[in-house]
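Hi there,

Here is the structure I promised to hand over. Have a look at it first, and my notes follow below.

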Amino acid sequence: MSSRSKSNLYLGFCCLGFSLLLLFVWIPLDTETGWIEKVRRQITIGDSLAPSVAALFLLVGGAILTLIERKAPGQPKLTGANMRFIGSVLLILFFSLTIMRYCGPLAVAITSAFTGDELEYRLLRDTAPWKYIGYICGGIVLIAGLIALIEGRMTGRAVLISALAVLVLIAIYDLPFDDLLLPPNGDV
Amino acid sequence: MGVLDYIWLGILSVFQGPELFSLFGLPVSVTLVMILCGFLLGIAVGATPGLAGPIAMAIALPILISVFGYHQDALLPVMGFLIGIMKGATIGGAVPAILFNTPGTPDAYMTTLDGYPMTQKGQAKKALRVAHFSSASGDTFSDIVLIVCAPFLALLVEAYLDLPEKTALLILSLSFISAVIGGSPAKGLISAGLGLLAVYIGTGEDFYPRLSLGTSQLSQGFPIATAVLGVLIIGSVFKGLEELWHEKRQSGQISVIKDKGDQRLRFAEIRRLFPFIARSAVIGTAIGALPGIGSTLAATLGYTVGKGRYQRLKAEDDPEFGTGVPEGIAATEAANSSVSGANLIPVLSLGIPGNAAAVFLILAAESIGGFNPGPSVFRFTADTVNPELVVAFGLFTAMFIANGLNWTIGGVFMRSMGVMIRIPKHILLPIVLLLTLTAIYVQETRMAAIWFALAFGVLGYFMRALAISPLPFVIAFILGGKLEESARQAFAATGGDAFFLFTSPVALVFMLMSVGVVVFTAIRSKGSEQSS
Amino acid sequence: MNRILKAGVAALGLAIISTGALAADWAPPGPIKMMIAFRAGGGADTQARLIAEALEAQMGWKFIPEQVTGKGGVNLLATMKDQPNDGTVIGIVVTESVGYNLAAANAGITPADFIGISTTAGFQMGIVSLSSKGWTTFADVVAAAKGGQEIRFGVMSPKLADLAYLLGKAQGVDFNIVSVKGGKAVMNGVNAGDLDIGFMAGIQAKGVAAGDLVNLASGLSTPLNQTPDAPTLADLGVSFNSDGYFVFVGPAGIPADARDALAQAIAGVVSDETTKAGGIIKKAFGGSATITGDALTTLMANDYSDAGALMDAAGE
């Protein structure tokens, strides 16, 4: 946090680099039309202009950071603790959303294996209880996992609270509305 | 049919509509009940972090239409309900911002700056009272302006703003936001640049979805809910969790804040707050009347102007803005609440919405039929009844009923939402996260939307960690599409004039101001840096 | 768990038997995903949702509406292409999406990747201005343009932009063609004075009836229902038109019985003016237009193959 912090300088370089990448690589390679286009004998604005303006914002911002605000006081910087924290959160989220996505289909597959019926999750995604399996399992892991991360240990209370919370969310989003689909049932 | 006849017919249309039940022999019209239900729902929704008025309106509209059908009689109950949500959510939105530092809507972000510090000081109830009083004042003022000015002002504004001027105005808003809000002009520009980039991915005029890297998931672009809720809400949930995480690691426990001191709002304080409320109400109303510029800019401007005034007048040892002063909440809430009424000026007279809530009012009118927001609404006919004008005055009446509810039961109901502070934050924040993800999913129905929202959440977290305000990002994301569209249209409409932004005096002034504001703030921040 | 499931299937079966008047004994094996290429809450979206609602009530089928917007329906078609083709995935677009837009997008998708189920309504595409402009027919606009006035022509799709350009060319004037997003945006622009004239596909009906707007010309091959005297594009020297329909499509390979059952059910709802869906179609488009089966397949294929000629003409 001292005035000798280099974090503005690094951030400025990142922005400059990214904006140049945008202007000279991403935009030219990944848009079909240039800054301006001639169609039907009329000059119109092409698809590259607006993203280039966005890149210009980043370029000017990065330039001001490196040239003018380089020595601004009180620059916060990213620490190892920041990265460890966000990494753990993302790990929990990734894990719980994977469970949310695949628990239902898995349950259907296991049931079919036992009963011999040819069931398909996609066709059951609006039928209770199948449609709740993924959301309940994934939701509990998500909430309880994050609570456990903060508390530093997994408790039965956390699991109970998350189960309750998930049930309340189901009551809000699913029970009154016929047309709304809980995750992951929209795109299975 | 004189003007007064129309006003009277409008009032009657609300009170004498189809009767739902009778109370002590007096018939209670279904419209009245719908306004009340919408208002209460709006407060609850606004007070729930992760939900916001527009989401509730979006979900409610198809249901309401199924219930009421496609008939002119359906207009007032349905739109009354939506107006109720709009007004309720405006005051409700301050609750999570003040109690949990998680703004439910972009415009409540500035409320967190002083609201949350007050909660940390044990002044949560008082902060809520200040927010409610300012919000209700701003809202009422704005509605009065709406009714007085709607027929005249909107036509006047529109007459002077052609496509090039509208484009220039959007550019001015963006550069102003970047320069003033970001903390430093550089960080503001970076934040806005990222927002613009995000909104331009997958969109565009050409059939190839630009910048989509050839993937099908990016080719539909980022849904607005993923970007806005991701950066604002999920980002702040991450940041909030991290604070708890550090706290736990340092002290071994998680602190719970108890109410301390006088929670009431005294008359002397109201007198002190009033100049801030009045200024912000005027700012909010003026901004609301301009089509396409929403409450977020109003809240930001109101806060900035309030901050300037406060710093000039405050005594040496008074606390600074941003450390929990009621004036900060008052300036923000009065400004963002006064947008909603004035926003209906362009909506009703031109059919152009200024914010998401107004969009849903237009959609309701359009879907039901019988009310075509546009210049024809304010045609005062002499010998025949113009039914649309009756509906317009019916809507005005509905807004005043909602205001009455706001002043009477709004504050109590809003503060009762404050029970949520008893829930420990480390339990609530994960639930808010799942609620937000679920809200996004039921709108977008694809897992990709959840991943987008989480990615934006991480971006929002890093921006906060690096002291980059997420607000320019969100505003740029919201205005970016309009900016490109209106620039294209202005360019095409002027026959491909490359200097379309500089040929009309109004547009030229806007453009000069856009450059000026960035240069000015950059120089000023450089100056203050050297003096320190 | 199985019991609940079987009970559900039985209930479904009963509901279908009770509407036994329909010949098809096809029933969807699960909920039907209904993709909508239009912004939620707009006229087209409302139409689709009401059709779903009516079918749920009549047939006992379960629909799950979902927005897949953007790129004039091409985004929807690209998403739909790889979806299951057992009749559980359908989508509403306009014929222009499968025709001109697919041809212009050049994304490796053709109408052969889809199967048309049924159209619901035909556009009442007019070229519209504010009546306060003082123009009563398209000739007045041409006269104004020749008199040196710049005319801003609002369009909501590339195909319409081509038509506007060709119209100007045929009449010997240059329009400033302004592309906006959606028919509602054209109407807003015209009402606000940002645009002088614009294409509107039925949204103008109320304004025209009230006398605020005026249909200067028909964008169709036939005169408009509401303003039969307005000249057609052919009258004005343009050999193309903007004839088009809202159309339900599904991924190619849907079995014939499923296609027929869906088509019959949808056509039944939209042509019945007492249903909510039929009611709003009557209001905006003057009535339903249901083209199904081979006629629809031909219509979609022709739209696609004709697109090249229009693009070539406008590219000159």
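**A loop residue in chain C**

Leaving out residues up to four places away in sequence, Ala234(C) touches Ser221(C) and Ser239(C); contact here means that the C-beta atoms of two residues, placed from the backbone, lie within 7 Å. This is a predicted model, in which local features need pLDDT of at least 70 and side-chain atom pairs count only at pLDDT 80 or more, while totals for chains, interfaces and linings use all residues. Residues are numbered from 1 along each chain as its sequence is written, and chains are lettered from A and ligands numbered from 1 in the order in which they are written.

Ala234(C) sits in the loop between β9 and β10 of chain C. Helices (H or I, at least four residues) and strands (E, at least two) are DSSP runs, numbered from the N terminus. Between Ala234(C) and Ser221(C) there are 13 residues in sequence and 6.8 Å in space, C-alpha to C-alpha. The cut-offs are 20 or more other C-beta atoms within 10 Å for buried, 12 or fewer for exposed, and partly exposed in between, with C-beta atoms placed from the backbone.

**Two sheets in chain C**

Val128(C) shows both pairings: it stands opposite Asn215(C) in β9(C), and its bridge partner in β8(C) is Gly198(C).

The other open sheet to look at has five strands in the order β2-β1-β3-β10-β4 (chain C), again with mixed pairing. Its edges are β2 (63-67) and β4 (114-122) of chain C; each has a single partner strand, so one side of each is left without a neighbour in the sheet. Here the twist averages 25 degrees from one strand to the next. Helix α2(C) (residues 43-59) packs on this sheet, touching β1 (32-36), β2, β3 (89-94), β4 and β10 of chain C, and its direction makes about 170 degrees with that of β2(C). β4(C) and β10(C) (residues 245-251) are antiparallel partners over seven bridges, with Phe114(C) opposite Pro251(C).

Chain B has 20 helices and two strands, and 64% of its 532 residues count as buried. Of its contacts between residues at least 6 apart in sequence, 78% join residues at least 24 apart.

Helix α6(B) (residues 109-120) has 12 residues, of which 11 are buried, so it is largely enclosed by the rest of the structure; among them are Tyr109(B), Asp114(B) and Pro117(B). After α6(B) comes Gly122(B), whose phi is positive, near 85 degrees.

How many residues does each chain bring to the contact between chains A and B? Chain B gives 54 and chain A gives 57. On the chain B side, α9(B) gives the most, with 10 residues. That side divides into 35 nonpolar, eight polar and 11 charged residues, where Ala, Val, Leu, Ile, Met, Phe, Trp, Tyr, Cys and Pro count as nonpolar, Asp, Glu, Lys and Arg as charged, and the others, Gly among them, as polar.

The axes of α5(A) (residues 130-151) and α11(B) come within 8 Å and cross at roughly 35 degrees. Leu146(A), Leu149(A) and Ile150(A) meet Leu241(B), Leu244(B), Trp245(B) and Lys248(B) there, which makes six nonpolar, no polar and one charged residues by class.

Best wishes

Technical notes: Axes fitted to C-alpha atoms, helices over the stretch in contact; angles between N-to-C directions. Pairing = 2+ DSSP bridges.
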